[in-house]
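Biologist: I'm new to this one. Could you take me through one loop up close, and then the helix packing and the charged pairs?

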Amino acid sequence: MRHKRAPKRAIAPDPRYHRADVAKFVNYIMRRGKKTTAERVVYTAFDQIAAESKQDPMEIFDSALRNITPQVEVRSRRVGGANYQIPTPVRGERRQALAFRWIIAAAEAKKGKPMARRLAEEFLAAAAGEGSAVKKRMDVQRMADANRAFAHFAR
């Protein structure tokens, strides 16, 4: 590598809840640099969660992320002419990134409703331990368990 690594920049907390993880989630939702639109979508989803569940939306957000974040994943590795799926633990930053990506993909897959509504439904389902994002995490976990025999190939 010719250049030194770019430094990790600290993300400023979001204006309403003053939390960095919510600000990071807003950045994942954002398209074409339209941050106010992304914030409106996320905050509307949180308002709908509060109205529907009569709970603090941050508790739902946290429990949903806990239910979605993967502990292990499989990575392909070529050993002696064959490709093996090797289960590896997931780093903290990647855990959060995968959880955000999966919940957004699950919300985008549903059609016919505004994005804020789909996001709210997906968060409520994930907090309850159901929904597409939780299913994705379980599939990844199942793949890692099925390939546990190849764990000794990990570096």
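**A loop, a helix pair and some charges**

Modeller: Let's start with Thr69, which sits in the loop between α3 (57–68) and β1 (72–79). Helices here are DSSP runs of H or I with at least four residues, strands are runs of E with at least two, and both are numbered from the N terminus. Bear in mind that this is a predicted model: local features need pLDDT of at least 70, side-chain atom pairs count only at pLDDT 80 or more, and totals for chains, interfaces and linings use all residues. Residues are numbered from 1 along each chain as its sequence is written, and side-chain values use heavy atoms, with hydrogens and water left out.

Thr69 is buried, at 17% relative accessibility (buried is under 20% relative accessible area, exposed is over 50%, and partly exposed is in between, with a 1.4 Å probe and protein chains only). Setting aside neighbours within four places in sequence, Thr69 is in contact with Arg95, Ala99 and Arg137, where contact means heavy atoms within 4.5 Å.

Now the helix pair. The axes of α1 (residues 20–29) and α2 (residues 35–53) come within 8 Å and cross at roughly 120°. That makes α1 oblique to α2. Axes are lines fitted to C-alpha atoms, for helices over the stretch in contact, with angles running from 0 to 180 degrees between N-to-C directions; under 35 degrees is roughly parallel, over 145 roughly antiparallel, 65 to 115 roughly perpendicular, and the rest oblique. On the α1 side, the contact includes Val22, Phe25 and Ile29, and on the α2 side it includes Ala38, Val42 and Phe46. By class, this contact has nine nonpolar, one polar and two charged residues (Ala, Val, Leu, Ile, Met, Phe, Trp, Tyr, Cys and Pro count as nonpolar, Asp, Glu, Lys and Arg as charged, and the others, Gly among them, as polar).

As for the charges, the structure holds 14 salt bridges, each a side-chain nitrogen of Lys or Arg within 4 Å of a carboxyl oxygen of Asp or Glu. One of them joins Arg75 and Glu73 at 3.5 Å, N to O; Arg75 is partly exposed at 45%, while Glu73 is buried at 8%. Elsewhere, Glu121 pairs with Lys113 at 2.8 Å and with Arg117 at 3.4 Å. Glu121 and Arg117 are four residues apart in α5 (residues 115–127), so about one helical turn separates them. Together with Glu52, Lys110 and Glu122, the residues Lys113, Arg117 and Glu121 are linked in a network of salt bridges.
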